[in-house]
Amino acid sequence: TKQEVGYFIDRARSSTVPILILGEDFGGTLIQDFYAAYNACNAAQTQYCLAHLLREFEKIEARGGGKVPPSFKDFRARVTAIIRQAIKFHRTCTDPPAREAARDRFERRLLTILEEPTRNNDVARLVKRFWRSAHGIFTFLTTKGVEPTNNHAERQIRTAVVMRKISGGSRSDHGADTRAILMSVFRTQQLQGLNPVSTTIDLVQRRIVEQHAEKPAGASRG
């Protein structure tokens, strides 16, 4: 979230990992990219990252050296316009009823495009993706605190990824667990505007005092 972050290091990237962290029936809103493993959590609400979606158009054009059929260009232009308009509306309107109406309006416009027949394989593939994720394209318009991208999560991960590349990763499961705990504590403190060094020292000192007070009278203090 914007106030807490939890890191988890595992050898795999399968659905067992998000299930272990969030459970099989996650009651919140899961902001995710299109990696299928997250779907196993059966989140109450989903917001798919629209930045990832827009980059998919760029990948297709790059693969073709910038040359794509007119049908693909038209599809991209119309879908991109709807998404960008929705994001702009999200940033400028705070009225809940207006946002509800806008979500319905944007969804209907998008569905109209998706229902059109196409002979272009790339368009057909993207249409299938849209149909699979239609429930989570405009969630950000009607759920408070939800953004249209997972950029916040990506920023939290970036430092950990750089650290992994430099160090080559942890040498043991215990080491990985320790690193995940420390990163979670330190980064959460930073998100809350706290100094990780002074805050952690204060927490440790207080815990030492508490443990000292918890010892029964006459117990060895060595």
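1. Aromatic pairs. In this predicted model, the structure holds seven aromatic pairs. One of them joins Tyr 35 and Tyr 38 in an edge-to-face arrangement, with the ring centres 6.1 Å apart and 80° between the planes. Tyr 35 has a relative accessibility of 31% and therefore counts as partly exposed. Tyr 38, at 31% relative accessibility, likewise counts as partly exposed.

2. The Phe 57–Phe 72 pair. Phe 57 and Phe 72 also form an aromatic pair, here a tilted one, with 6.0 Å from centre to centre and 55° between the planes. This pair links distant parts of the chain: Phe 57 belongs to helix α2 (residues 50–63) and Phe 72 to helix α3, the two being 15 residues apart. Both Phe 57 and Phe 72 are buried.

3. The phenylalanine cluster. Phe 89, Phe 106, Phe 138 and Phe 140 are linked into a cluster by ring pairs.

4. The setting of Ala 86. Ala 86 is part of helix α3, which spans residues 70–92. Its relative accessibility is 0%, so Ala 86 counts as buried. The C-alpha atoms of Ala 86 and Ile 137 lie 10.0 Å apart in space, although 51 residues separate the two in sequence.

5. Secondary structure and overall form. The protein comprises eight helices and two strands. Read from the N terminus, the order of elements is α-β-β-α-α-α-α-α-α-α. The protein is more spread out than a compact globule, because its radius of gyration is 23 Å, well over the 17 Å that the globule rule gives for 222 residues. Along the principal axes, the C-alpha atoms fill a box of roughly 85 × 45 × 30 Å.

6. Of the 222 residues in the protein, 32% are buried. Among contacts with a separation of 6 or more, 58% are between residues 24 or more positions apart.

7. Surface and charge. The protein exposes about 14,400 Å², of which carbon and sulfur atoms supply 55%. There are 35 positive and 23 negative side chains, and 6 Å lies between the centres of the two sets.

Note on methods: Residues are numbered from 1 along each chain as its sequence is written. This is a predicted model: local features need pLDDT of at least 70, side-chain atom pairs count only at pLDDT 80 or more; totals for chains, interfaces and linings use all residues. Side-chain values use heavy atoms; hydrogens and water are left out. Helices (H or I, at least four residues) and strands (E, at least two) are DSSP runs, numbered from the N terminus. The radius of gyration is taken over C-alpha atoms; the globule rule is 2.2 Å times the number of residues to the power 0.38. Buried means under 20% relative accessible area, exposed over 50%, partly exposed in between (1.4 Å probe, protein chains only). Contact means heavy atoms within 4.5 Å. Accessible areas come from the Shrake-Rupley method with a 1.4 Å probe; for residues, only the protein chains shown count as cover. Lys and Arg count as positive and Asp and Glu as negative; His and the chain ends are not counted. The place of a charge is taken as NZ of Lys, CZ of Arg, CG of Asp or CD of Glu. Rings of Phe, Tyr and Trp (its six-membered ring) pair if their centres lie within 6.5 Å; planes under 30 degrees apart count as stacked, over 60 as edge-to-face and the rest as tilted.
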